[in-house]
Number of protein chains: 2
Amino acid sequence: MKIDLDALMQAHDVDALLISGPGKHNPMMVYMTGGANLTMGHVIKKRGEAAVLFYAPMERDEAARTGMKSHNYMEYPQFRAALSGDLDQHAAMLQAMLKDAGMTEGRLAFYGQVDAFRHFGIVKGLLALAPELRVADNIDDDVVLQAMSTKDEDEVARIRKMGKITTEVVAKTANLLTSSRVMDEVLHKSDGEPLTIGDVKKQIDVWLMERGSENPEGTIFAIGRDAGVPHSTGTASDVLRLGQTIVYDIFPCEAGGGYFHDFTRTWCLGYAPDDVVKLYEDVYAVNEQLLTEMEVGKPFFHFHKRICELFEEMGHPTVMSKQGTEEGYVHSLGHGVGLKVHELPMCRYHPEGKPSNVLTPRQVIALEPGLYYPERGMGVRLENTYYISPEGKFENLAPYPMDLVLPIKG
Amino acid sequence: MKIDLDALMQAHDVDALLISGPGKHNPMMVYMTGGANLTMGHVIKKRGEAAVLFYAPMERDEAARTGMKSHNYMEYPQFRAALSGDLDQHAAMLQAMLKDAGMTEGRLAFYGQVDAFRHFGIVKGLLALAPELRVADNIDDDVVLQAMSTKDEDEVARIRKMGKITTEVVAKTANLLTSSRVMDEVLHKSDGEPLTIGDVKKQIDVWLMERGSENPEGTIFAIGRDAGVPHSTGTASDVLRLGQTIVYDIFPCEAGGGYFHDFTRTWCLGYAPDDVVKLYEDVYAVNEQLLTEMEVGKPFFHFHKRICELFEEMGHPTVMSKQGTEEGYVHSLGHGVGLKVHELPMCRYHPEGKPSNVLTPRQVIALEPGLYYPERGMGVRLENTYYISPEGKFENLAPYPMDLVLPIKG
């Protein structure tokens, strides 16, 4: 949680944080400012002190709304040259801002979504001007990501609200599909044209926006063979045919780049062929089994291994036995969810034994078992987002039916 | 234009570009890939050769859609460790990818929205492994930004289409306001509650999304004193009162982070007080005058100076005579518009004499004269986006009435 930042900085020998970039769609800036609508800003937080915001003169109202201690860029004579792209002046301005925030020596961690073209030169310039500064860039010292991995009550409430919006939109999507006319096993719109993946995705976007949310990273709505490739987002011109798996993975956030929710269902319209039912039942059974086993205090990776074991017992290849497999269970069990759709704790690539990848109370995680057979034209994934309560219970933040078959109405 | 990239790289002694980050909401990646829906990717373009895409295994379908030559990250044994945050392995993987793209020595320019925490360490590690590489980070050598500053016909068509969407949404907004009931000079909804800035902005978001566009950087819809602060986005709880200036600055882009359009109108509902009319007439007159003077071949800054001169003749302070003024003309005349809402050519802070800040055919620019008096509770800004044709004519890409007063209906 944010209140843990100072302790984490102490434990990891990080003396200050310097976060920069736009105020929106920039998770670390949103975390520090609460989502101020700034074209560009800097936040400097020295250990043990309140974070300080630096802002452009025209954005003084937005800066004031944050309630943070703040400085106008105009206080720095290097500002104009820095804006014009002068790396040395930019570095000198950073040095002056750091000084005003009380940071003149020690380890400094940089954060934010920044422009790659300039960032290296700016940091190099800063270190040349201020050799007393060192850069904290070891993955183990990523203290902001670690703080973000546990959530306070307000954050959980916001993710829960995004879950409610998500399931409302999922229910509206199901209704759109099941209310469509079927001709030759294909869904049609009232104008007589086939309903396409593109049509459905556009509706999803509008329904999300009507509820004050957006999906900056897109929505996966993929049918048939595409459903068998986990990150295939679907082909806009594809029609919706009965009896094929549809993987619907929706991960919206609060408008402007706030808290996410992550959710997946797999549907078959009208009916499901036997081999799809079998695939679905395997995923469903593994999900149920896993939920009885999930507990705090163990590395997330432990449960990733466990799900691979369960799938392999059923005869499916997995990434555990066959690195790089494109059939069977081809991804990882899950990830933390917050201001980033994928954040700590991580279960696969990220260091297994690290404290931040151990399941602990107050984390919010997505669990996503799935099975993929693109050559057989099918894929199944089921995903829910859970809050681990202070008592260590796993609570599904947005319960919704898991049914495979959506019967067509009328 | 993109076809100018090789010549620009040659002229600026840049041997290769390395663009990274997500495939969406990342202008340089969108420019190179056409907007592939990748959680993460790298593009390497060596001078004189086609750009090569590097992608994650689950995203092979999205990578294939680009039609680019490509490599799966799984080809690189360092991939897992790099994903786990190991900077040295990440650097080694970049070195191997650069080698596969034919880049083993010379000047390399980094691009994309990247995570500040890791970027410096990764580049430092790469340079340690490959001392034959140098980093191109001089503002003058920002060849991608320079290529982007002129547009091909497809790009202009896309910005024009965004302009059409913009003016449709602006017309719908005007209709919403003028159709509202007025009680005690305040607009009300049909449920009897006052219509607020927040209500209007939410509607704008939905109308944009219904048309396949979004506003990742928000919309400015600010009334009264807020209208007098250029980047104040407006206070959500403010009610809409007759006779006050509303600055409505809308800058949407194609959904997913594509081409932008930039547009501003200033409205008074019902009537306008005399001092507001005077302020509006000054801005309108300067805009008209300026349009008769705009021509290619001169630095954009020339016209910024010119607009300040025109405003000062009318008795308004400007940034030219009074750096940092918060009254009068407080910002710059305009900027290029494309995959970034603010891009080259720039007219104020950016180097004045640089070729990329000279007005030339095929640029798309926004011109935004305005006058601000926050203490008097008013601000006026008018903005249109223009295409400079191959013949050097300035074409308003989305003509729309400039009227100040919106009469209330009925």
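Let's start with how the two chains relate. Rotate chain A by 180°, with 0.0 Å of shift along the axis, and it superposes on chain B with an RMSD of 0.0 Å. That is the relation of a two-fold axis. The same surface serves both copies, because 100% of the contact residues of chain A recur in chain B.

Keep in mind that this is a predicted model. How confident is it? The ipTM is 0.92 and the pTM is 0.94. Chain A has a mean pLDDT of 95, and 98% of its residues reach 70 or more.

Now the interface. How many residues of chain A are in contact with chain B? The count is 59, and they meet 59 residues of chain B. Several elements of chain A each supply at least two residues to this side, including α3 (60–65), α4 (79–83) and α9 (197–210). Which element gives the largest share? That is α6(A), with seven residues. By class, the side of chain A that touches chain B has 24 nonpolar, 19 polar and 16 charged residues.

Look at the strands here. β6(A) pairs with β6 of chain B, residues 113–115, through three bridges. The two strands run antiparallel. Find A:Gln113, and opposite it you will see B:Asp115 in β6(B).

Next, find helix α6 of chain B, residues 116–129. It lies across β1 (16–21), β5 and β7 of chain A. Its direction is about 110° to β5(A).

That takes us to the sheet in chain A. Six strands form an open sheet, in the order β4-β3-β2-β1-β5-β7, with mixed pairing. β4 (69–72) and β7 (133–135) stand at the edges, each with a single partner strand, so one side of each has no neighbour in the sheet. From one strand to the next, the twist averages 25°. Take the β7(A) edge. It pairs with β5(A) in the parallel sense, over three bridges. There, A:Arg107 has A:Arg134 in β7(A) as its bridge partner.

Move on to β12 of chain A, residues 245–250. Is this strand buried or exposed? Six of its six residues are buried. Both faces are covered. A:Thr245, A:Val247 and A:Asp249 are buried on one side, and A:Ile246, A:Tyr248 and A:Ile250 on the other.

Which strands pair with β12(A)? One of them is β11(A), residues 220–223, joined by four bridges and antiparallel. A:Ala222 stands opposite A:Val247 in that pairing. Another is β14(A), residues 263–269, also antiparallel, over six bridges. There A:Thr245 has A:Cys268 as its bridge partner.

Last, some backbone details. The peptide bond from A:Leu344 to A:Pro345 is cis, with omega near 0°. A:Pro345 sits in β16(A), residues 343–346. In chain B, a cis peptide bond joins B:Leu344 and B:Pro345.

B:Asp13 has a phi of about 55°, and B:His25 has about 50°. B:Asp13 is in the loop between α1 (5–11) and β1 (16–21) of chain B. B:His25 lies in the loop between β1 and α2 (27–33) of chain B. Why does B:His25 count as buried? It has 21 C-beta neighbours inside 10 Å, and the cut-off is 20 or more. B:Asp13 has 13 other C-beta atoms within 10 Å, so it is partly exposed.

Key:
Residues numbered from 1 in each chain as written. Chains lettered and ligands numbered in written order. Predicted model: local features only at pLDDT ≥ 70, side-chain atom pairs only at ≥ 80, totals over all residues. Contact = placed C-beta atoms within 7 Å. Nonpolar A, V, L, I, M, F, W, Y, C, P; charged D, E, K, R; others polar. Pairing = 2+ DSSP bridges. Buried ≥ 20, exposed ≤ 12 C-beta atoms within 10 Å, placed from the backbone. Least-squares fit on C-alpha atoms with pLDDT ≥ 70 in both. Axes fitted to C-alpha atoms, helices over the stretch in contact; angles between N-to-C directions. pLDDT = per-residue confidence, 0-100.
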